Amino acid sequence: MDVLHVILQVLLGITSLLLTLLILLHKGRGGGLSDMFGGGMTSGLSSSGVAERNLNRFTVILGVTWGAVIIGLGLIMRFTGGGDS
């Protein structure tokens, strides 16, 4: 059970970093802090529709994986005495 706990913790770290990077790669919708610093003046040539859809799909899949890993870690900690390993 300790091996599974370590694997899930490493997977949680990797998915957390990747999810953060993928969210930062998304195109801004405007109206936020980016408009204060001139981000609203950008042209529409930054990404194509297909690339944005694929990025959305990958982000959703990674987010679901991240959530499943958190649930798995929570279940392991609950049923093994609090995860004092």
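Visitor: How much of the protein chain counts as buried?
Guide: Of its 85 residues, 15% count as buried. Keep in mind that this is a predicted model.

Visitor: What secondary structure does the chain have?
Guide: There are 3 helices and 0 strands. Read from the N terminus, the order of elements is α-α-α.

Visitor: How do α1 and α3 pack?
Guide: Helix α1 covers residues 2-25 and helix α3 covers residues 49-79. Their axes are 9 Å apart, at an angle of about 150°.

Visitor: Why those two values?
Guide: Two packed helices are described by the angle between their axes and the distance between the axes.

Visitor: Okay, and is α1 roughly parallel or roughly antiparallel to α3?
Guide: Roughly antiparallel, because the angle of about 150° is over the cut-off of 145 degrees.

Visitor: Which hand does the crossing have?
Guide: The crossing of α1 and α3 is left-handed.

Visitor: What classes of residue make up the contact of α1 with α3?
Guide: That contact has 18 nonpolar and 8 polar residues, and no charged ones.

Visitor: New topic. Where does E52 lie?
Guide: In helix α3.

Visitor: Buried or exposed?
Guide: E52 is buried: its relative accessible area is 12%, and buried means under 20%.

Visitor: What does its side chain make a polar contact with?
Guide: The side chain of E52 pairs with the side chain of H26, at 3.3 Å.

Visitor: Last one. For contacts between residues at least 6 apart in sequence, how many join residues at least 24 apart?
Guide: In this chain, 90% of those contacts do.

Terms used. Residues numbered from 1 in each chain as written. Predicted model: local features only at pLDDT ≥ 70, side-chain atom pairs only at ≥ 80, totals over all residues. Heavy atoms only, no water. Axes fitted to C-alpha atoms, helices over the stretch in contact; angles between N-to-C directions. Helix = DSSP H or I, 4+ residues; strand = E, 2+ residues; numbered from the N terminus. Parallel < 35°, antiparallel > 145°, perpendicular 65-115°, else oblique. Left-handed = near helix turned anticlockwise from the far one by under 90°. Nonpolar A, V, L, I, M, F, W, Y, C, P; charged D, E, K, R; others polar. Buried < 20%, exposed > 50% of the residue type's maximum accessible area, 1.4 Å probe, protein only. Polar contact = N/O pair within 3.5 Å; in protein donor to acceptor, adjacent residues only side chain to side chain. Contact = heavy atoms within 4.5 Å.
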